[in-house]
Amino acid sequence: MREFDELNFAPTVLYSTEHTWARQDADLITIGISDYAQNQLGEIIFVELPRIGDNLSSNDVFGFAESVKAVSDLYMPIGGKVVEVNNMVENSPESINNSPFEDGWMIKIISSDTNELQQLMSAETYLDSLKG
Amino acid sequence: MEHFDVVVIGGGPGGYVAAVRARQLGFKTALIEKEHMGGTCLNWGCIPTKSLLRNAEIIHLLSKGRAYGFTFDNLEIDYSAAHKRSRSVVSRQTKRVEFLMKNSGVAVYSGTGSFVNVDQVKIEPSGQILQGTNIILATGSSPRPLPGVSCDGEKIITYKEALNLTRVPESAVIVGAGPIGMEFATIWNRYGSKVTVVEMLPHVLPFEDEDISLEAAKQFKRNRIQLLCETAVESISVTADSVDTTIENINGTKVLNAEVVMLSIGVTANSEGLGLDQVGVETANGNVIVDKQMRTSQPNIFAIGDLTGKMPLAHVASAQGIIAIETIAGKPARELHYPDIPRCTYAQPEVASVGLTEKQAREKGYKVVTSQCPFVANGKALAVDDNSGFVKIVANEEDKKILGVHLIGGHVTELVAGPAGMISLDSKVEDLGNSVHPHPTLSETLMEAAHALCGHAIHI
């Protein structure tokens, strides 16, 4: 496993305490898991994601990621309606390990309340929270 | 030429387990696999069939929906989704094994391996040669062919093509009523196929205790699977849109017409093409001859799994692989006691057994006592609506040692590990009866059968 200084804490996204990230483009929010999370999980071999049209609230479970070591629930960083699901990560889940912030994005939602983004952490705050 | 302490040929449940154990003991290890990690078990056997059988079980549940208060007008059943799910299960588990190799530090080579000499193996098609101080042969087995019948892979098939079907044949003849035959019979039958099973021997699941085979036959017939035992296959011929199987039994000769025929009459060792003759590794009927620690006639070459013809089961291959590696490491010699290894059939009903059948025990000269306890007396079995079948215990009359435990019914494959442990510890029937089993569970019937054998059954 890699150390903190070898991990990518992308500054362009916001982080939840459950290690998911959200990237805003107006009302459209892209969601994935952090580099730290994929590194903790190890090689991901399967993911289950929600269906387009599902309405989910902040902290709802939107799917799970199965790795060599464990099955981990995925939590919504903010609430909204699922409008797109990344089929590529369902077919080749290793893209989450290889590119957690780009190719490995999981879902896109239309946010029900973009104010919820204010509850999330910057890269810096997220890293501090991990270091404890 | 790269040198290894251990070179394993074959990445099935024998080979890959041996490779991991070898790494744990500090050996530099290579593994050569010609297709996918996990071998037949994971790709074309144990695992995908369990996925399809789960679908078959759900269909059965849906068919009983009315009793549970579920009604539906437009139930659509799509077998291609069951097939897709089974392949997804395989790819998930294959990836897991691939990462296991990577994380354990096993060097995996793609291709087939054959001997150049006693400590060198050539990989094809790459042509690369690996040097191995010790070589483990774990190349598995293939479906046993039926003399005079050639599989065309479309109308005359084996388990591999059967697992690749994306729709269920409307009718099927299955030759061989062993575990593989009865598992496919169950899957296709639940999906509405007209299934006929032809068996040469007197009973279905012919190597189980006779009482178990008879109960299995009763339940398969109840599910409308047609069973023809003591029946020989004379010939199989492909017609324009179906296939004719000519059979012969006490009633004479008859032709069974079906969309497909599946052959499941056992397996043969994959010992061809390894160059065994060249290095003096001896075989008998195609099986590599091994001693109790899995050494072949060449002291640095070991063979494990189906290749040895001992007992073609994945868990046997894994156990043999560990014994071979520990022998190489100079650990105290261990050996397997084959009758004490559990055997499972995941048809509906499931069958599981460990130890001797009643007949085998008598043949060995034991004075035998038995007891049978039905699941019908078990509250949990009734509650989950799965109360057919029974537990049978075979014991030595003199000292009441447990010689065999035989189970048939729902979920019994999950119940057999307990009695297997007791048999391996030479337990007596009283020990099983005195071991308090949790209520309410199906396992209580094991305890009850032990009480019954001691003459004091509570619920029957």
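In this predicted model, Glu215(B) has a relative accessibility of 11% and therefore counts as buried, the cut-off being under 20%. Its side chain forms a salt bridge with Lys218(B), with the closest N and O atoms 3.2 Å apart. Both residues belong to helix α8 (residues 210-222) of chain B, where three residues, about one turn of the helix, separate them.

**Other salt bridges**

- Over all chains, the count of salt bridges comes to 24.
- Glu358(B) and Arg362(B) form one of these, with their closest N and O atoms 2.7 Å apart.
- Helix α11 (residues 358-363) of chain B holds both Glu358(B) and Arg362(B), which are four residues apart, about one turn of the helix.
- Glu358(B) is buried at a relative accessible area of 19%, whereas Arg362(B) is partly exposed at 44%.
- Glu358(B) and Arg362(B) also belong to a network of salt bridges that includes Asp209(B), Asp211(B) and Lys392(B).
- Glu183(B) and Lys50(B) meet in a salt bridge with an N to O distance of 3.2 Å.
- This pair joins distant parts of the chain, since Glu183(B) lies in helix α7 (residues 179-190) and Lys50(B) in helix α3 (residues 46-63) of chain B, 133 residues apart.
- Glu183(B) is buried, with a relative accessible area of 7%, while Lys50(B) is partly exposed at 24%.

**Helix α15 of chain B**

- Nine of the ten residues of α15(B) (residues 444-453) are buried, so the helix is largely enclosed by the rest of the structure.
- The buried residues include Leu446(B), Met447(B), His451(B) and Leu453(B), and also Glu444(B) and Glu448(B).
- Among the elements that cover them are the strands β22 (368-374), β23 (390-396) and β24 (402-409), together with the helices α13 (417-424) and α14 (429-434), of chain B.
- Just after α15(B), Gly455(B) adopts a positive phi of about 90°.

**Cysteines**

- The count of disulfides over all chains is zero.
- The sulfur of Cys46(B) lies 3.2 Å from that of Cys41(B), its closest cysteine sulfur; the cut-off is 2.5 Å, so the two are too far apart for a bond.
- Cys46(B) is partly exposed, with a relative accessible area of 32%.
- Cys373(B) is buried at 1% relative accessibility.

- One cavity of 30 Å³ or more is present.
- The largest cavity holds about 30 Å³ of space.
- Its lining comprises Pro143(B), Arg144(B), Tyr159(B), Ile180(B), Leu263(B), Ser264(B), Ile265(B) and Gly266(B).
- By class, that lining has five nonpolar, two polar and one charged residues.

Notes:
Residues are numbered from 1 along each chain as its sequence is written. Chains are lettered from A and ligands numbered from 1 in the order in which they are written. This is a predicted model: local features need pLDDT of at least 70, side-chain atom pairs count only at pLDDT 80 or more; totals for chains, interfaces and linings use all residues. Side-chain values use heavy atoms; hydrogens and water are left out. On a 1 Å grid over the protein atoms alone, a cavity is a set of points where a 1.4 Å probe fits but cannot get out, and a pocket is an open set with protein on both sides within 12 Å along at least five of seven lines; lining residues have an atom within 4 Å of a point. Grid points are joined across faces, edges and corners, and a volume is the space filled by probe spheres set on the points. Ala, Val, Leu, Ile, Met, Phe, Trp, Tyr, Cys and Pro count as nonpolar, Asp, Glu, Lys and Arg as charged, and the others, Gly among them, as polar. Buried means under 20% relative accessible area, exposed over 50%, partly exposed in between (1.4 Å probe, protein chains only). Helices (H or I, at least four residues) and strands (E, at least two) are DSSP runs, numbered from the N terminus. Contact means heavy atoms within 4.5 Å. A salt bridge is a side-chain nitrogen of Lys or Arg within 4 Å of a carboxyl oxygen of Asp or Glu.
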